[in-house]
Amino acid sequence: MNSLISHSVAWADIKTHQHYLAQVHLRDLFALDNQRFEKFSVEACGLLLDYSKNRLTSDTLVLLLNLAAETNLQDWISRLFQGEKVNNTEQRAALHIALRNRSNRPILVDGKDVMPNVNAVLAKMGQFSESVRSGAWRGYTGKPIESIVNIGIGGSDLGPAMVTRALKAYHHARLQGYFISNVDGTHLGETLAKLNPETTLFIIASKTFTTQETILNAQSARQWLIDKLGDEKAVAKHFVAVSTARQQVTEFGIDPANMFEFWDWVGGRYSLWSAIGLPILLMIGMDNFEQFLAGAHELDKHFETVPLAENLPVLMGLIGVWYSSFFKATTHAILPYDYSLELLPAYLQQLVMESLGKSVTREGERVDYPTCPIIWGAPGNNGQHAFYQLLHQGTHLIPADFLVAIESQHDLPGHQNAVLSNALAQTHALMMGRTPEKTRDALAPMEQLSHRVFSGNQPTNTLVYQKLTPHVLGTLIALYEHKVFVQGICWGINPFDQWGVELGKQVANTLLPALNNKQETKHDGSTDGLLRYIHRRR
């Protein structure tokens, strides 16, 4: 018997319903019901989700909630919060929720409460942060730290970089933050050129201390520091590690007392709440970091306890399934009308596509329905002058999330009203479009009518919050994390592994010696040809 969810009655009912609704325009849904906003918006945890500009009705929500019931979503949410091994392919729990568990209630993994260790590492991070921020921590030549450089990649870079940028208004006045991820020497070289070795602190973020890109960058930074300060002993005063590999950290020259650990139930793209968030904590301080954790914890409680029909991550997740699997929408745009969130689309690319970019179920059965959309986007006002043409008059169905702050972190007269007017105008125009009749009324008769018509019917979610504070940002990130979980459960896939990342790494490890020693390889004709070409050009 086929176990795919697409062979269920719930799935078939949604498919039938979609065939009908695909012929209905959003502007007609609004014309038929002037209460759509009241029906299809939810306010919780300092966020307002307006999902009324989506191609759905009350019947759609009933059918999607039936799908959630068919996939036992409520039970899976309980299993997540109880520390069960929801990451079945790696036999691990996925307990990022424990890292921001401000209630401190016991959370068990294999019968052991993880909270004492979580609290101990957080306290250690706080003490270290205070010593750096106060100036008590001194570099090798006795000067206080002024530059924090995080060296990591993937989840050890994207999350901390995004949050640190988003909360720039909360940074310590003396400190500057930098993030190195790309193994291209340009990234490290251009950053080092800005730094004073006497006042720079490097954070090496690698659980195993073997990640190729991270360790190569770390070794180069180490050599730069030694060359500048003239003594290997300087390393211990300018490098700390976020890792579990005590021996490798010690051999690098880092004092093990300055190693901050995390656990195998912390997935990389869910790790910014852990010691991986050390650069965030250093830049914004312990009080703000705790507010950041508290925002996520508030959303966690909402996700765990609120009925599915009123649950923010559940609604967003089900709507995502609706578009990807039934409308066959292949992309999803993230459009923050809050410049502080300029790195959010890149962060969500990993969170969503590394979690959901899969074609087999938890049981290893190949799916016969579309799963993860391609995530992309940019700050909204900039995007309007770049790619919004495609949204308005292209041939693709592109659902989008608009993130809107009522207040800016920097209040300049007239600016925020301009931001808000653009955000609201775009969601309205994407939904309503402009018919040939309306276009004809708006333009002189001889103008190029067909070029000025907008089909509309492009769906959007609008997330509104008062102001981007640490608390609000924590809430937003947790919302998207749990949305991903909901989609994974509905599709029957494991959102916590990433086996697709491994193959490229393995092949790279076979090619690196060939590049170092100018050897021939036996891969494919193209790869071997490219390798020979590179050797000849060196």
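1. Helix 21 gives the largest share of the lining of the largest pocket, 5 residues. Helices (H or I, at least four residues) and strands (E, at least two) are DSSP runs, numbered from the N terminus. Helix 10 (212–229), helix 15 (344–356) and helix 21 (502–517) each supply at least two residues of this lining. The model is a predicted one, in which local features need pLDDT of at least 70, side-chain atom pairs count only at pLDDT 80 or more, and totals for chains, interfaces and linings use all residues. Residues are numbered from 1 along each chain as its sequence is written, and side-chain values use heavy atoms, with hydrogens and water left out.

2. The volume of the largest pocket is about 1100 Å³. Of its 41 lining residues, the closest to the centre are Thr211, Gly268, Gln498, Glu502 and Lys505. On a 1 Å grid over the protein atoms alone, a pocket is an open set of points where a 1.4 Å probe fits, with protein on both sides within 12 Å along at least five of seven lines; lining residues have an atom within 4 Å of a point. Grid points are joined across faces, edges and corners, and a volume is the space filled by probe spheres set on the points. By class, the lining of the largest pocket has 14 nonpolar, 18 polar and 9 charged residues. Ala, Val, Leu, Ile, Met, Phe, Trp, Tyr, Cys and Pro count as nonpolar, Asp, Glu, Lys and Arg as charged, and the others, Gly among them, as polar.

3. The second largest pocket has a volume of about 440 Å³. It is lined by 22 residues, of which Asp338, Tyr339, Ser408, Gln416 and Val419 are the closest to its centre. Two or more lining residues come from each of strand 10 (331–337), helix 16 (380–384) and helix 18 (415–432). Helix 18 gives the largest share, 5 residues. The lining of the second largest pocket has 8 nonpolar, 10 polar and 4 charged residues.

4. An open sheet of 6 strands has the order 1-2-13-12-10-11, with mixed pairing; two strands pair if DSSP finds at least two bridges between them. Strand 1 (41–44) and strand 11 (374–377) are at the edges with a single partner strand each, so one side of each has no neighbour in the sheet. Strand 12 (residues 400–405) and strand 13 (residues 460–465) run parallel and are joined by 6 bridges. Within this pair, Phe402 stands opposite Thr462 in strand 13.

5. Leu48 lies in strand 2 (residues 47–50). Leu48 is partly exposed, with a relative accessible area of 23%; buried means under 20%, exposed over 50%, and partly exposed in between (1.4 Å probe, protein chains only). Thr462 is 414 residues from Leu48 along the chain, and their C-alpha atoms are separated by 7.8 Å. Leaving aside neighbours within four places in sequence, Leu48 is in contact with residues including Phe37, Thr462 and Val464, where contact means heavy atoms within 4.5 Å.

6. A further open sheet has 5 strands in the order 6-5-7-8-9, and its pairing is parallel. Strand 6 (176–180) and strand 9 (259–260) stand at its edges, each with a single partner strand, so one side of each is left without a neighbour in the sheet. Strand 5 (residues 147–151) is joined to strand 6 by 5 bridges, and Ile151 stands opposite Ile180 in strand 6.
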